[in-house]
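Good morning, colleagues. Please keep the view on the screen as I speak.

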Amino acid sequence: MDTDTDDTYCEPPGPIAPDQPAGATEGPPYAECVLCREPTEYPESTKGATLCPVCAWQEAGRTACSG
């Protein structure tokens with residue numbers, strides 16, 4: 001077994017701030033969800049109807065084909 005390995009290889013990334021969703025753009029302000037008014041992962045400058053991850057998932061389930 002090689003004992004000269006780099007110990008940082010398996011180190012997890014730093015903590016994610018609880019007020020910032022993963023994959024979000026840098027810093028607030030975030031656009032509001034058009035259904036529940038919760039913050040989304042998109043900046044306020046995003047055009048169109050923005051949905052939070054929860055509402056987007058629910059909307060996908062409602063519009064999915066059942067065939």
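I will begin with the overall layout and then turn to individual residues.

Please bear in mind throughout that this is a predicted model. The protein contains one helix and two strands, and reading from the N terminus these elements follow the order β-β-α. Of the 67 residues, 12% are buried. The accessible surface amounts to about 5900 Å², and carbon and sulfur atoms provide 56% of that area. As for contacts with a separation of 6 or more, 2% of them are between residues 24 or more positions apart.

Let me now turn to the strands, beginning with the segment before β1, where Pro29 is located; strand β1 itself covers residues 30-32. Is Pro29 buried, exposed or partly exposed? Its relative accessibility is 47%, so Pro29 is classed as partly exposed. Which residues does Pro29 touch once its neighbours within four places in sequence are set aside? They are Pro43 and Glu44.

Strand β2 spans residues 39-43 and includes Thr40. Thr40 has a relative accessibility of 0% and therefore counts as buried.

I come next to the cysteines. By way of background, a disulfide is a covalent bond that joins the sulfur atoms of two cysteines. How many disulfides does a search of the whole structure find? The search returns zero. Cys33, for example, takes part in no disulfide, and the nearest cysteine sulfur to it belongs to Cys55, at 3.7 Å. The cut-off for a disulfide is a sulfur pair within 2.5 Å, and the distance from Cys33 to the sulfur of Cys55 is 3.7 Å. Cys33 is buried, because its relative accessibility is 2%. Cys36 is likewise in no disulfide; here the nearest cysteine sulfur is that of Cys52, 3.7 Å away. With 34% relative accessibility, Cys36 is classed as partly exposed.

Finally, the charged side chains. Across the whole structure, a search finds two salt bridges. In one of them, Glu32 pairs with Arg37, and the closest N and O atoms are 2.8 Å apart. Glu32 is partly exposed, at a relative accessible area of 41%, while Arg37 is exposed, at 58%.

Glu59 and Arg62 also form a salt bridge through their side chains, with an N to O distance of 2.8 Å. How are Glu59 and Arg62 placed in helix α1? This helix runs over residues 53-63, and the two residues are three apart within it, so about one helical turn separates them. Glu59 has a relative accessibility of 30% and is therefore partly exposed. Arg62, at 54%, counts as exposed.

The search for disulfides finds zero, and the search for salt bridges finds two. Thank you for your attention.

Key: Residues numbered from 1 in each chain as written. Predicted model: local features only at pLDDT ≥ 70, side-chain atom pairs only at ≥ 80, totals over all residues. Heavy atoms only, no water. Helix = DSSP H or I, 4+ residues; strand = E, 2+ residues; numbered from the N terminus. Buried < 20%, exposed > 50% of the residue type's maximum accessible area, 1.4 Å probe, protein only. Contact = heavy atoms within 4.5 Å. Areas by Shrake-Rupley, 256 points an atom, 1.4 Å probe, with all protein chains shown as cover. Salt bridge = Lys/Arg side-chain N within 4 Å of Asp/Glu carboxyl O.
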